[in-house]
4 protein chains.
Amino acid sequence: MHVTVDFTVVPVGTGVSLSEYIAACERVLAESGLTYQLHANGTNVEGEWEDVFSAIHRCHETLHAMGVPRIHTDIKLGTRTDRVQTMADKIKSVKEKLK
Amino acid sequence: MHVTVDFTVVPVGTGVSLSEYIAACERVLAESGLTYQLHANGTNVEGEWEDVFSAIHRCHETLHAMGVPRIHTDIKLGTRTDRVQTMADKIKSVKEKLK
Amino acid sequence: MHVTVDFTVVPVGTGVSLSEYIAACERVLAESGLTYQLHANGTNVEGEWEDVFSAIHRCHETLHAMGVPRIHTDIKLGTRTDRVQTMADKIKSVKEKLK
Amino acid sequence: MHVTVDFTVVPVGTGVSLSEYIAACERVLAESGLTYQLHANGTNVEGEWEDVFSAIHRCHETLHAMGVPRIHTDIKLGTRTDRVQTMADKIKSVKEKLK
């Protein structure tokens, strides 16, 4: 099942700066081979269900191994059966309506 | 890895009433053997990472099989290494602070 | 506009225990006069748009005043024009489908 | 209070294509004068609390006026007292860690 996901990892019980942890998750995604895109409040990623959730799992493992005691993660997940729609398609579709 | 999850399934492209779809997901959770609790805007569930995400996967499969063409799901996910905290513990911990 | 909201406040840059902060938000809700219900991963609240978002605003102000330097909050928000549906209605509607 | 928000509007009870509704919200944001950025699974926006939530409110009003009977919206909200951090700062901060 193809999924489009936006996820935001919030390390809890560490300092106020979170960028090193977000960067560590970006490296996990880079190694995964999945298509992904960092934005100001999260990361978009798409692919097969198992691959995407395995990557998020490894992200949690990586951050806990870095010493983060508690992690809160938000995931927005989309699946559809009518057609495959990539992340780029989604943005293009809105932009066309804005012309 | 033990996870505490709150998830909300939003079927898109069907009618305005969603309760039959939420009920279908509740049945998936009942069959999973996981601890779960329906609330007004989602369902809390806890267990091992693989078991919880397998259940949410089956929920998407079930709804698509019922004819839902598109599903948006929100997941709030918590993991921690300092201790295991059940859903009941979390509520109890806040209620004690409110005394 | 009537809204049904589920929100989860995640204090960042403090310790790993968050229950005292959640309790402080519950007190803000109690003072607001809104209908609300704590659950394992957040709080459901319903009422007029302005009243609900004012309460969440006061919750942020309260936690920052308690010394929390950074707050991440998730909000799931529902509005509908076909009918008013309370939080109790939503749960009842699913439970009837489960009979 | 300065806020950074990521929000995703999910119209329910209409068709499977949502781009015209997302575009309508983008127009509301354009008129608001706020800084915002569309991404594949939502829109990032930053500004004063009242301005940002007024814009999201107008987005709901606009979509209901277009005939959408039910709307589910996800909001990820961040506030901090240690410093002002723009959306551009947040991305830059992670990218520096990735060098």
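This is a predicted model: local features need pLDDT of at least 70, side-chain atom pairs count only at pLDDT 80 or more; totals for chains, interfaces and linings use all residues.
Trainee: In what order do the 8 strands of the open sheet with β2(A) and β2(B) come, and is the pairing parallel or antiparallel?

Mentor: The order is β2(A)-β3(A)-β1(A)-β4(A)-β4(B)-β1(B)-β3(B)-β2(B), with antiparallel pairing. On labels, residues are numbered from 1 along each chain as its sequence is written, and chains are lettered from A and ligands numbered from 1 in the order in which they are written.

Trainee: How do you know that β4 of chain A and β4 of chain B are joined?

Mentor: Two strands pair if DSSP finds at least two bridges between them. Here 11 bridges join β4(A), residues 70-80, to β4(B), residues 70-80, and the two run antiparallel. So by that rule they pair. One spot to look at: Lys76(A) stands opposite Asp74(B).

Trainee: Why do β2 of chain A and β2 of chain B stand at the edges?

Mentor: Each of them (35-39 in its chain) has a single partner strand, so one side of each has no neighbour in the sheet. Across this sheet, neighbouring strands are turned by 20 degrees against each other on average, direction ignored.

Trainee: Which elements make up chain A, going from the N terminus?

Mentor: They run β-α-β-β-α-β-α, which comes to 3 helices and 4 strands. Helices (H or I, at least four residues) and strands (E, at least two) are DSSP runs, numbered from the N terminus. The C-alpha atoms of chain A fill a box of roughly 45 × 30 × 20 Å along the principal axes.

Trainee: How do you know that the copies A and B meet through the same surface?

Mentor: Interface residues of chain B are 100% interface residues in chain A too, so the surface is the same. Chain C also goes onto chain A with a turn of 180 degrees, a shift of 0.0 Å and an RMSD of 0.0 Å. There too, 100% of the contact residues of chain C recur in chain A.

Trainee: Why is α1(D) called oblique to α2(D)?

Mentor: Angles under 35 degrees count as roughly parallel, over 145 as roughly antiparallel, 65 to 115 as roughly perpendicular and the rest as oblique. Angles run from 0 to 180 degrees between N-to-C directions, and axes are lines fitted to C-alpha atoms, for helices over the stretch in contact. α1(D), residues 19-32, and α2(D), residues 49-65, pack at about 140 degrees with axes 9 Å apart. That value falls into the rest, so the pair is oblique. Contact means heavy atoms within 4.5 Å, and among the residues making it are Tyr21(D) and Val28(D) of α1(D), with Arg58(D) and Leu63(D) of α2(D).

Trainee: What makes α2(C) roughly antiparallel to α2(D)?

Mentor: The axes cross at roughly 150 degrees and come within 12 Å. The angle is over 145, so the pair gets the name roughly antiparallel. Trp49, Phe53 and His57 of both chain C and chain D are among the contact residues, which divide into 6 nonpolar, 4 polar and 2 charged. The classes: Ala, Val, Leu, Ile, Met, Phe, Trp, Tyr, Cys and Pro are nonpolar, Asp, Glu, Lys and Arg charged, and the others, Gly among them, polar.

Trainee: At what angle do α3(B) and α1(C) pack, and how far apart are their axes?

Mentor: About 60 degrees, with the axes 8 Å apart. The residues of α3(B) in this contact include Lys97(B), and those of α1(C) include Glu26(C). By class, the contact has 4 nonpolar, 2 polar and 4 charged residues.

Notes
Side-chain values use heavy atoms; hydrogens and water are left out. Copies are superposed by least squares on the C-alpha atoms of residues with pLDDT of at least 70 in both.
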